[in-house]
Amino acid sequence: MSADHGAAQQANSLVQQSTGVNQTGVRAHNERLVLSQIRLHGALSKADIARMTGLSAQAVSVIIRNLEAEEILQRQKVTRGRVGQPSTPMALNPDGAFSVGLRLGRRSADLALMDLVGNVRDLIKVTYNYPTPKRILDFVDAHLGELVSSVKKSRVLGVGISAPFELYNWLDRLGAPQDQMATWRDYDLAADISVRTGFSTILVNDATCACVAEHAIGGGAAYDDFAYFFVGSFIGGGIVLNGKVQTGPTGNAGAFGPLPSATPGNPKAQLIDTASLYFLEADIAASGMDASTMWAQTESWEMFEPHVSNWIERTAPAIAKAALTVCAVIDFPVIFIDGAFPSSVREVLAEKVRRAMSGFNTDGIIVPEILSGKAGANARVIGAALLPINSRFFYDPVRAGATDALLT
């Protein structure tokens, strides 16, 4: 499927599933519909919006007038030279709203400030051997004020938090002290961040957040259905069906890490044991290099060769097998491969997965197209920052079960 065809399919799907209604009491519904169309297509005239949404011209005029008064939309240059009266396209105002993304990882954390159109205005990163609640809170305390100092606080919608579920699991692989990590078991990070910052918070699984970013700003924007693998310290992922990121009843859908991935030496191995970056980190450290620098360096990993190439050769077949397993359950047309590494590594890994897939028995399976993700190494914090913005203004791309109340 071409990108143009995929984008058209997504647009048609949105119009078909979410046409406007003109009755009173549905202002929020219709506003989200209008704003979602503008985000999807760019600046639109009132006539275009009415045609795409099914709303009356009068209803669109009222919505546009209100959103312009609230500085959520802004006028563009008048369009002339077409049949009929000149039109004034309306676009999202980047300064109309902001949100903060916090990504909590096993080796690093990020804070990002995002504007209404999805631009990351600033990003701050910290690395560590392992996370503790105090370390994360200190990071937020030290940098959040600086991050939002350049914008009106009243325009900041809240903090979206991206974090691994069950953070305390699998940490023996990283050498983290069990007593330190056990503090995460019953700790409510979202509530603590909200109290300390005064902002509302939304917490979603980190790999799901990465999938949200791919769906919103990456190659996934052109597809209504795809599976997404994100390789971090531990591999995870997400799934999109009918244009929605699916989280499942417990918020853990698309958690590909626990998929069986047996090896001759470890018949009980899971995918996290065969396709995660902590293996590469261990190889680099064993060679005498400072492996911690890989978490801060996302432009190039050439200094870590040949360890990176060796890791890709081992990892690609495991991801290929997992991707086929996922496609045996739901026939995804596309699988995206992304991760916390430079784009050059992402491209090579996707190509190796594509080649490895041809070596498996695919009888009865529609073989998916393998594409490299575009959201990139910062996908998880970008997805986190998108959560408050989506929740307030757009048809949220996350279809949650237990977390629905947070996202509506």
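**Exercise 1. Which residues touch the most other members of the largest nonpolar core?**

Start with the ground rules. This is a predicted model, where local features need pLDDT of at least 70, side-chain atom pairs count only at pLDDT 80 or more, and totals for chains, interfaces and linings use all residues. Residues are numbered from 1 along each chain as its sequence is written, and side-chain values use heavy atoms, with hydrogens and water left out.

Step 1: A nonpolar core is a set of buried Ala, Val, Leu, Ile, Met, Phe, Trp, Tyr and Cys residues joined through side-chain atoms within 4.5 Å; buried means under 20% relative accessible area, exposed over 50%, and partly exposed in between (1.4 Å probe, protein chains only).

Step 2: read off the answer. The largest core has 90 residues, and Phe229, Leu271, Leu277, Trp301, Ile319, Ile335 and Leu349 touch the most other members. Helix α11 gives the most to this core, with twelve residues.

Step 3: A second, separate core of 31 residues includes Ile124, Tyr168, Leu189 and Ala190.

**Exercise 2. Find what Trp301 is in contact with, beyond its neighbours within four places in sequence.**

Step 1: contact means heavy atoms within 4.5 Å.

Step 2: the partners of Trp301 are Leu277, Leu280, Met294, Val308, Ala340, Phe341, Pro342 and Val345.

**Exercise 3. Describe how α10 and α11 pack.**

Step 1: locate the helices, which are DSSP runs (H or I, at least four residues; strands are E, at least two) numbered from the N terminus. Helix α10 covers residues 277-286 and α11 covers residues 307-329.

Step 2: check the geometry. The angle is about 145° and the axes are 10 Å apart; axes are lines fitted to C-alpha atoms over the stretch in contact, and angles run from 0 to 180 degrees between N-to-C directions.

Step 3: list who meets whom. Leu277, Phe279, Leu280, Asp283 and Ile284 in α10 meet His307, Val308, Trp311 and Arg314 in α11.

Step 4: inspect the loop between these helices. Pro306 is found there, and the peptide bond from Glu305 to Pro306 is cis, with omega near 5°.
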